[in-house]
Amino acid sequence: MEKGWVMAVVAAAAAAVLVLGGVDARRGHEDVKVVHFDGKVLCQDCSEGWNEWTKGKPIKGAKVAVTCLDSRRRAVCHTSDTTDDKGEFDLVVSKFVYGKAVRPEDCTVRLVSSPDPACNVMTDFGGGKCGVRPHHPSVVRRGMLKYTAGPFYFTSPSCDEPETSPHEEDDD
């Protein structure tokens with residue numbers, strides 16, 4: 001009877017691993033020397049309808065950066081990349097800095113700048129202005145670990161809404 005119970009527990013654990021997508025994707029990839037963070041940068045045109053607005057047009061030459069922190073919340077790595085003709089970027093971070101492993105979930109990918117004067121106001125649509133932290137790899141295979149961020153968006157100055165905060169009433 002006890003042997004049957006142990007077999008049932010082992011079978012349930014194996015099923016849980018399969019259902020949950022296997023072992024943690026960050027582990028078991030000791031052969032990975034670098035981690036890739038990729039994505040797209042697009043321009044939103046607020047004068048268009050919603051469908052066109054969310055599609056956006058690619059921005060060539062936009063700058064995107066990634067900053068990775070250690071366990072004490074100190075920056076250990078910072079790198080940037082510019083987008084290609086399709087608005088795509090690929091940031092490459094060494095998996096080991098000063099002999100310690102860089103954890104991708106301790107990295108933040110964010111917008112830096114746009115070369116297009118007609119579309120150079122950062123938005124947080126897609127998280128580009130504040131930055132995003134990756135959670136699940138988009139590509140996991142031997143020698144490759146990649147996380148996808150965004151797409152990130154810039155918009156035109158005419159679409160930018162001024163930040164408003166409740167003003168205090170004057171005590172006259």
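I take buried to mean under 20% relative accessible area. At 15% relative accessibility, Cys77 therefore counts as buried. The model I examined is a predicted one.

Entry: I then checked Cys130, which is exposed with a relative accessible area of 54%.

**Entry: disulfides.** My search of the whole structure returned 2 disulfides. One joins Cys68 to Cys107, with an S to S distance of 2.0 Å. I noted 105 degrees about its S-S bond, a right-handed link. Cys68 lies in strand S3 and Cys107 in strand S8, so this pair ties together parts that are 39 residues apart in sequence. I recorded both Cys68 and Cys107 as buried.

Cys43 is joined to Cys119, again by a disulfide, with S to S at 2.0 Å. This link is right-handed, with 110 degrees about the S-S bond. Because Cys43 belongs to strand S1 and Cys119 to the loop between S8 and strand S9 (121-122), the pair ties together parts 76 residues apart in sequence. I found Cys43 and Cys119 buried.

**Entry: nonpolar core.** I turned to the largest nonpolar core, which has 25 residues; Phe37, Val41, Val64, Val66, Val109 and Phe152 have the most contacts inside it. Strands giving two or more residues include S1 (34-44), S3 (63-69) and S8 (107-113). The largest share, 5 residues, comes from S11.

I listed the contacts of Val64 beyond four places in sequence; among them are Val41, Phe89, Leu91, Val109 and Phe152. Thr79, Ser80, Asp81 and Arg110 are also in contact with Val64.

Conventions:
Residues are numbered from 1 along each chain as its sequence is written. This is a predicted model: local features need pLDDT of at least 70, side-chain atom pairs count only at pLDDT 80 or more; totals for chains, interfaces and linings use all residues. Side-chain values use heavy atoms; hydrogens and water are left out. A nonpolar core is a set of buried Ala, Val, Leu, Ile, Met, Phe, Trp, Tyr and Cys residues joined through side-chain atoms within 4.5 Å. Buried means under 20% relative accessible area, exposed over 50%, partly exposed in between (1.4 Å probe, protein chains only). Helices (H or I, at least four residues) and strands (E, at least two) are DSSP runs, numbered from the N terminus. Contact means heavy atoms within 4.5 Å. A disulfide is a pair of cysteine sulfur atoms within 2.5 Å.
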